[in-house]
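Subject: Structure handover

Hi,

My notes on what turned up in it follow below.

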Amino acid sequence: MSIICRKCGHDNPDGTRFCVECGEYLAWDRSPEPEESRQPQPEEPRPPEQHAELAAELSERTVTAAPGKRTATMLVVRNRGTRIERVGIELDGDASGYASVEPDELVIQPGEAATCTITFAPPRSASVPAGEARFSVRAASQVNRGVYAFTEGGCVVGEFDDLRIELRPKVSRGRWTTRHSIVLTSQGNRVRRVLLSATADEEPLRLTLPEARPLVAPGRTVVPLRVSARPAFTGEAREIPFSVAGGFEGGSETLRAEGARVARPLFAPWALKGLAGLAVLSLVFVAVLVAVRRPPPVPPPGTHEAYLAGSGTISGGFADVAVAGLTEAAKVFVTPDLSRITWANATMGQPRTRDRRPAGTLGVTNRGQGFFRVQPIDGGQVDGMDFGYLVATQPSGTVEGLQYESGSGSLQPGENRVDVPASTATSGSVVLLTVELPGPADTPITGLKVDAKNDGAFTVATLDLTPAPSVIGFSWLVVDSADPDRAGTNTTTAVTETGDPVRIDSPLADGSSVVLLTTDAAPRELAGVAMPGVCVGSEGDGSFTVEWYSDRITSLPTDFDYLVARRTWRP
């Protein structure tokens, strides 16, 4: 290999250090490189970058659907990625219960779009309220995990009205005042006011309507009617007809229900003949009775009945209540009381009332010798919240003079409703429910409601209709609802209505009593519909208020059963 001098170009032998021609220093690495080695080498082509991306868009974000009719909107899903996508379509939200998608799976080439049809068919039923129901659509890749597109819209359900009016009983008999019930059954899907009037064919009959403009929600609303007349001293009983009329405020249709009052005299004609002799015998009997023994003093209310009642406060996440002689057979019932909760700081997703006061479902999570523990079971943070409790000490007995029957039942894992036999149960009974667990709830439980009532049985369901994650035990109490001052059924207002919570007048609600509540779907026949819980909003001065609570907004009024009982123990 020769070395070429860069200065003069002379070809020097290999190993020469200085050019023999001009004396220039020759570097060992200065030999020219082959021409082909100095040519740039072509780069290998890089593979294109792969990525996955989806986009979804509704042709109409808000659609309108008449009850019993169908309407539809188109969903367009675009594949902005570089690979073929297989996409599944999922619906969620309030409107998803009556919505369907066709097809529910799409295959989309890169850079292209595919469409599917979302159809809404709200039933003509009171279970679907009028107004906008929100829904969301999720288009998820079945090829690339975690890749999805999301959009949402609303379905505006149209309004319809369907009212029926009935008088129960149709005929009453009495001397002074008798009571009827005007049963308003609304099978429409919105809340409206109804104008009521009652007229009698004869002047002596007086008809009293405590509420002439009731607010009627879908389902059944009961309005009391008092019928009174001054009885004749003697004579034959006579029937006096009367009628009740009602219709929606602002509507043109008026419905009527006919009834009658059989007015009885103070004394039947045959009674006058023996009245004098009966008076003499009565005086003799009273004199003998007083001479033999004086009547024992009447014990104060509650001391001779088969129940205990009191109140407590949640502190540190629970409250232990001491009850002397508490047995395993005794049934315990608890209800949240927000009378002393003045702060309104509950956030979205937390159980709360309409005015954002924190609330929560309570249950019995432990019991021992002479005590039981009350604790939130729905995950709510309710420290400082009061509660009222009632202990039914016997399987049957009386509370505030009302006959009761008590027992226990359970929901098995995977169940969301169960039928409970009860010999004294009727469609008009008051039913109380409280969850009882052997310890704190591992999975939050929203609570229980009465889903249906029948003669000899009733149905219990979870409030949100979620299947039981494990065995959910509960205690139940069936009470006669003959006296609305002590027990009955009423309704909270919906979130769409303004005004104060429902207020119930009761002479027992004077600060010395407790109020027990349970959500009841039976009056409006809302079995199978998710409902909120109920709690006491305030109590005292001869009345108490009831409010719903939930971790979401409710658009329907909520029916509930209530029982008012005097405290037998005060903390």
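About 60 Å³ of space lies in the second largest cavity. A cavity here is a set of points on a 1 Å grid over the protein atoms alone where a 1.4 Å probe fits but cannot get out; a pocket would be an open set with protein on both sides within 12 Å along at least five of seven lines. Lining residues have an atom within 4 Å of a point. Grid points are joined across faces, edges and corners, and a volume is the space filled by probe spheres set on the points.

Asp337, Phe387, Gly388, Ser513, Val514, Val515, Val536, Glu539 and Arg567 line this second largest cavity. By class, that lining has four nonpolar, two polar and three charged residues. Ala, Val, Leu, Ile, Met, Phe, Trp, Tyr, Cys and Pro count as nonpolar, Asp, Glu, Lys and Arg as charged, and the others, Gly among them, as polar. Strand S26 (386–392), S36 and S37 each supply at least two of the lining residues. S36 gives the most, with three. Strands (E, at least two residues) and helices (H or I, at least four) are DSSP runs, numbered from the N terminus.

Before the rest, two points on conventions. This is a predicted model, where local features need pLDDT of at least 70, side-chain atom pairs count only at pLDDT 80 or more, and totals for chains, interfaces and linings use all residues. Residues are numbered from 1 along each chain as its sequence is written, and side-chain values use heavy atoms, with hydrogens and water left out.

The count comes to three cavities of 30 Å³ or more. The lining of the largest cavity divides into ten nonpolar, seven polar and no charged residues. At least two residues of it come from each of strand S23 (331–337), strand S30 (430–436), strand S36 (513–519) and strand S37 (533–540).

Confidence next. pLDDT is the predictor's confidence in each residue, from 0 to 100. The chain mean is 84, and 86% of residues reach 70 or more. Over residues 293–303 pLDDT stays under 50, and the model has four contacts (heavy atoms within 4.5 Å) beyond four places in sequence for them. Where pLDDT is low, the predicted coordinates should not be read in detail.

Now the backbone. The peptide bond from Glu102 to Pro103 is cis, with omega near -5 degrees. Pro103 sits in the loop between strand S7 (99–102) and strand S8 (105–108). Arg168 to Pro169 is also a cis peptide bond, with omega near -15 degrees. Pro169 is in the loop between strand S12 (163–168) and strand S13 (171–174).

Glu400 is not a glycine, yet has a positive phi of about 50 degrees. Glu400 lies in the loop between strand S27 (396–399) and strand S28 (402–411). Glu525, in the loop between S36 and S37, has phi near 55 degrees, again positive in a residue other than glycine. Which of these is buried and which exposed? Glu400 is buried at 6% relative accessibility; Glu525 is exposed at 72%. Buried means under 20% relative accessible area, exposed over 50%, partly exposed in between (1.4 Å probe, protein chains only).

Last, the cysteines. The whole structure has zero disulfides (pairs of cysteine sulfur atoms within 2.5 Å). Cys19 is buried at 4%, and Cys535 is buried at 0%.

Best wishes
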